[in-house]
Amino acid sequence: MAKFIVKRVFYGLLTLFLIITATFFLIAGAPGDPIAAKVEQMPDRAQEVIRKKYGLDKPVVERYFIYMKNLITTGDFGESIIYTGKSANDVIKANAPISAKIGIIVLVLQVGIGIPLGLGTALGRGKMYDHMIRVGNVLCICTPSFVFAALLQYFLAFKLKLAPVFGWGQPKHYILPVLAYTIGGIAVYNKYMRGSTLSVINEDYIVTAKAKGCKKGRIVRKHILRNSMIPIVTMIGPAVAGIFGSSFVIERIFAIPGLGSYYVKAVSDNDYTMVLGITIFYAMLYVASLIIVDILYGIVDPRIKVAGTEK
Amino acid sequence: MKNSKLLEIKNLHVSFTTYAGIVRAVRGVDLYLEEGETLAIVGESGCGKTVTVKSIMGLLPEEQAVISGEGAQINFHEHNLLAFDEDRMSAIRGMHISMIFQDPMTSLNPTMKIGDQIAESLIVHKGASGRLARQEALKMLRLVNIPNAEERIDQYPFQFSGGMRQRAMIAIALACDPEILIADEPTTALDVTIQAQIMELIKSLQRERNTGVILVTHDLGLVASMADRINVMYAGQIVERGTTDEIFYDPKHPYTFALLRSVPKLSDHKQEALYSLVGTPPDLIKPPVGCPFAPRCRFAMRICRDRPAEATHFGPSHSSYCWLHHPKANTSDVPETLLKEVV
């Protein structure tokens with residue numbers, strides 16, 4: 001098991017390195033310049049000073065090595081070019097937790113509601129409630145979260161005055177963004193869990209369990225659940241990485257100062273250090289979550305664990 | 001001690017609702033099983049063998065399968081299992097009647113340890129504690145000749161070979177020492193050498209425990225060494241029943257006759273192509289009115305297509321449903337074997 005994890009971590013670091021390198025050169029090669037707008041009116045001398053301050057006077061390759069050296073030795077993502085005096089680390093530290101608070105609640109709700117719902121509809125396949133939930137599911141999957149956001153703002157906030165339309169800072173501000181963000185995810189987990197459970201129900205070993213004298217509840221608990229969760233585990237990993245800000249749309253609509261909105265703005269601003277810093281942060285989360293999924297997979301599916309340790 | 005009827009099926013009809021129509025898979029089956037004996041149900045694919053035995057266990061899919069028939073009964077110790085609800089049925093399954101299946105590669109739960117799968121029926125039926133059930137599971141693994149049982153008990157099915165999985169299946173089925181073991185094509189998915197071992201194992205455990213065995217197969221070779229009695233099924237009906245000797249040496253129904261002729265014989269040195277029965281079984285969405293075998297039967301008469309044949313009895317245990325045995329039948333071109341007792 002330890003060997004398996006070490007190997008995974010090594011590959012994870014390699015992936016990170018490739019992502020950083022690719023992002024660095026891509027954003028450096030992108031048209032436009034982060035400080036062009038800022039320094040347009042200044043005399044040439046002053047422009048040069050500012051360029052020197054951010055190291056933009058050096059060739060790209062040299063900048064890359066300086067950046068990597070800083071990153072590895074100090075873990076510093078560098079100072080933002082747009083927000084003077086703020087490092088990308090500060091921005092992440094200040095804003096990622098806000099995204100995470102919403103993201104964690106959303107993920108827990110999505111998984112906590114979607115999976116039991118999927119199991120339930122699969123067990124009652126062909127019944128009225130199964131059909132109804134399936135229709136609802138298609139609607140929820142097809143509707144983008146910003147449409148839900150607008151609908152919720154209109155009905156819950158504006159008409160019924162059950163929650164504030166937007167804003168941040170109090171518990172009640174969670175209600176709308178969490179709802180808008182959760183609905184689609186519930187439908188997705190429900191859909192996958194239903195499909196995976198249905199395929200397990202038709203397996204021969206379920207007949208074996210029945211022939212043994214297991215009652216329905218025991219068959220579900222001991223034989224169906226674990227096997228139908230295997231494909232779902234693969235989905236949850238990347239979703240964990242996503243909780244820190246995959247929803248910049250929701251953050252924008254509800255005026256939530258999360259990391260997602262900073263990320264998008266950094267890209268349009270050509271803010272090299274911010275884009276790189278946030279990209280690295282997301283990439284780390286993603287890679288880590290994939291490693292966790294691999295380990296979880298081993299726990300859920302014995303075939304993988306043993307194959308990994310026997311080597 | 002072969003005197004009590006352990007299991008008796010009367011006039012069993014099973015039909016399935018499908019998109020194409022209602023498939024009448026089993027059409028009036030009567031059979032019985034005595035304590036400790038082996039009954040073989042023989043027939044080609046799709047003749048209703050598996051459906052018949054699955055209905056004993058109540059394992060047919062509830063949504064599609066309908067069990068009907070006037071006075072249909074599946075009597076186990078004089079209790080009609082068809083009247084049992086799901087709760088009472090699950091108390092029978094695995095405890096009194098067990099079943100092993102055709103494909104051991106898919107019949108075991110891939111994410112559950114073999115030991116736990118064997119122990120499960122003991123926990124479910126006897127309320128055994130985890131530790132006791134584990135000891136019993138270990139005993140069962142040894143009983144079915146799994147080497148290194150102590151190590152194997154904590155392994156998963158993917159670490160077992162096909163033959164070992166089928167042994168594990170037998171261990172699961174016999175864990176509670178049931179009175180009836182239903183083996184549905186237990187060796188079809190296995191190598192020939194392993195087949196013999198598995199059949200040998202079932203036979204010896206049966207003798208030890210006096211278990212009644214219903215063996216479902218299309219392999220007549222398997223039946224010869226194993227069965228006490230044979231029921232030959234065709235298109236959802238039993239067409240001939242008798243002891244193994246009677247069926248092998250004195251077949252009365254043209255279908256049985258054809259089945260026997262299509263078995264290759266090692267002693268046969270003639271350079272002849274192996275006999276094969278032409279045609280396919282009838283579509284059971286629209287079952288034939290007369291004898292279902294008539295369209296493929298070389299000796300079919302006009303009446304065969306119009307009316308089902310009554311049973312003709314050739315002895316206390318031997319009977320067949322065929323018009324050829326009617327006194328008025330024209331039997332001039334029928335081989336002697338079918339009519340007289342010739343080896």
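What percentage of the 311 residues in chain A do buried residues make up? The figure is 31%. A residue is buried if 20 or more other C-beta atoms lie within 10 Å of its own, exposed if 12 or fewer, and partly exposed in between, with C-beta atoms placed from the backbone.

## The model and its confidence

This is a predicted model: local features need pLDDT of at least 70, side-chain atom pairs count only at pLDDT 80 or more, and totals for chains, interfaces and linings use all residues. Residues are numbered from 1 along each chain as its sequence is written, while chains are lettered from A and ligands numbered from 1 in the order in which they are written.

The model scores ipTM 0.87 and pTM 0.83. In chain B the mean pLDDT is 89, where pLDDT is the predictor's confidence in each residue, from 0 to 100. Of the residues of chain B, 94% reach 70 or more.

## Chain A

Chain A has 14 helices and 0 strands. Helices (H or I, at least four residues) and strands (E, at least two) are DSSP runs, numbered from the N terminus. The C-alpha trace of chain A spans about 85 × 65 × 30 Å along its principal axes.

Two residues are in contact if their C-beta atoms, placed from the backbone, lie within 7 Å.

## Helix α4 of chain A

Helix α4 of chain A covers residues 60-74. Its 15 residues should span 21 Å at 1.5 Å a residue, and its end C-alpha atoms are 21 Å apart, which agrees. The expected span is 1.5 Å times one less than the number of residues.

α4(A) is hardly covered. Among its 15 residues, the count of buried ones is 1. Just after α4(A) comes G75(A), with a positive phi of about 75°.

## Where the chains meet

Chain B puts 25 residues in contact with 19 residues of chain A. Three elements of chain B give two or more residues each to its side: α2 (86-92), β7 (97-100) and α3 (114-126). α3(B) gives the most, with 4 residues.

By class, this side of chain B has 12 nonpolar, 9 polar and 4 charged residues. Here Ala, Val, Leu, Ile, Met, Phe, Trp, Tyr, Cys and Pro count as nonpolar, Asp, Glu, Lys and Arg as charged, and the others, Gly among them, as polar.

## Two domains in chain B

Chain B is divided into domain 1 (5-37 + 55-227) and domain 2 (234-339). The bounds come from an automatic or database domain assignment. The C-alpha centres of the two domains of chain B lie 30 Å apart.

In chain B, 17 residues of domain 1 are in contact with 11 residues of domain 2. On the domain 1 side, β2 (21-34) and α8 of chain B each supply at least two residues. β2(B) gives the most to that side, with 11 residues. The domain 1 side divides into 11 nonpolar, 3 polar and 3 charged residues.

## A loop residue: H218(B)

H218(B) sits in the loop between β9 (212-217) and α8 (220-226) of chain B. Is H218(B) buried or partly exposed? It counts as partly exposed, because it has 16 C-beta neighbours inside 10 Å.

Leaving aside residues up to four places away in sequence, H218(B) touches V42(B), G43(B), E44(B) and S45(B). H218(B) and V42(B) are 176 residues apart along the chain, yet their C-alpha atoms are separated by 5.3 Å.
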